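Hello,

Here is the structure I promised to pass on to you. Please open it first, and then read my notes below alongside it.

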Amino acid sequence: MAFEIREARPDEIEDLLPLLLLAEESPSALRWSLRNMSDAVYRMDEDGRPVGAATMQWRGDPCEILEMGIAPERQGQGLGRQLVAWLVEEARRRGKREMVVGTPNTSVENFLFYQKCGFRMDSVRQDYFWYYGTPVFRRGIRVQDLLVFRRELSGGGSKKKRR
Ligand SMILES: CC(C)(COP(=O)(O)OP(=O)(O)OC[C@H]1O[C@@H](n2cnc3c(N)ncnc32)[C@H](O)[C@@H]1OP(=O)(O)O)[C@@H](O)C(=O)NCCC(=O)NCCS
């Protein structure tokens, strides 16, 4: 199957919202993030149809994956890993040394996914989800902290660097 990954044009972003909402389920928070945090949106197409999307913050180093989603019917088939690998190459091309990504304290599957993609646990942004007006629970646990994973981009090593 042929996949294409590229930066989305501004007029294409609306179509990618369903995929990005898999990662940030609050539509208002997602729109805020797109306006204020995100520097570029990427789409992964299969036969011209978007099956994956990710938003990146490139302005600093580490750069950061903000939201990332793979279409539910295509999850678990290696697409997410492929999208991360592409973003890592793009980050290297931009001269970035590190990449981080955060995932909620309740998203244990993502802990595994990002480690499979070469990231290591790094830090916790406590009370990151304060903006959820009403408390949100997953599996009986409140969604409140962001667990941050970090990957070094030079040489594939895993030594931790001081920030
Ligand atoms: C998280 C997500 C992006 C992963 O993409 P994916 O295409 O399903 O993942 P892949 O198939 O590329 O998996 C890569 C590796 O991670 C592992 N992995 C992925 N999801 C997993 C899960 N739910 N449980 C255990 N392992 C998992 C896979 O087994 C695979 O390992 P392997 O190569 O050794 O077999 C996707 O499931 C998704 O869109 N989820 C909803 C939105 C979300 O949570 N986004 C991330 C927050 S920013």
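Let me start with Arg139, which sits in the loop between strand E7 (137–138) and strand E8 (141–142); helices (H or I, at least four residues) and strands (E, at least two) are DSSP runs, numbered from the N terminus. Although Arg139 is not a glycine, its phi is positive, at about 55°. Arg139 is exposed, since 8 other C-beta atoms lie within 10 Å. (A residue counts as buried if 20 or more other C-beta atoms lie within 10 Å of its own, exposed if 12 or fewer, and partly exposed in between, with C-beta atoms placed from the backbone.)

Two notes on reading all this. Residues are numbered from 1 along each chain as its sequence is written. The model is predicted, so local features need pLDDT of at least 70 and side-chain atom pairs count only at pLDDT 80 or more, while totals for chains, interfaces and linings use all residues.

Asp47 also has a positive phi without being a glycine, at about 50°. You will find Asp47 in the loop between E2 and E3, and it is exposed, with 9 other C-beta atoms within 10 Å.

Beyond its neighbours within four places in sequence, Leu19 is in contact with Pro50, Gly52, Ala53, Gly69 and Ala71; contact here means C-beta atoms, placed from the backbone, within 7 Å.

Next, helix H3. Its 15 residues reach 21 Å from first C-alpha to last, close to the 21 Å expected, where the expected span is 1.5 Å times one less than the number of residues. Gly80, Leu83, Val84, Leu87, Val88 and Ala91 are the buried residues of H3. Seen down the helix axis, they fall within an arc of 140°, so they line one face of H3; the arc is that of the directions from the axis to the C-beta atoms. The face turned away from that buried side carries the exposed residues Glu89 and Arg93. Just after H3, Gly95 has a positive phi of about 80°.

Finally, which residues come nearest to the ligand? Of the 20 around it, they are Gln75, Gly80, Arg81, Glu109 and Lys116, where near means a C-beta atom, placed from the backbone, within 6 Å. Strand E4 (63–70), helix H3 (79–93) and helix H4 (108–116) each give two or more residues to this shell, and H4 gives the most, with five.

Happy browsing!

Methods. Contact = placed C-beta atoms within 7 Å.
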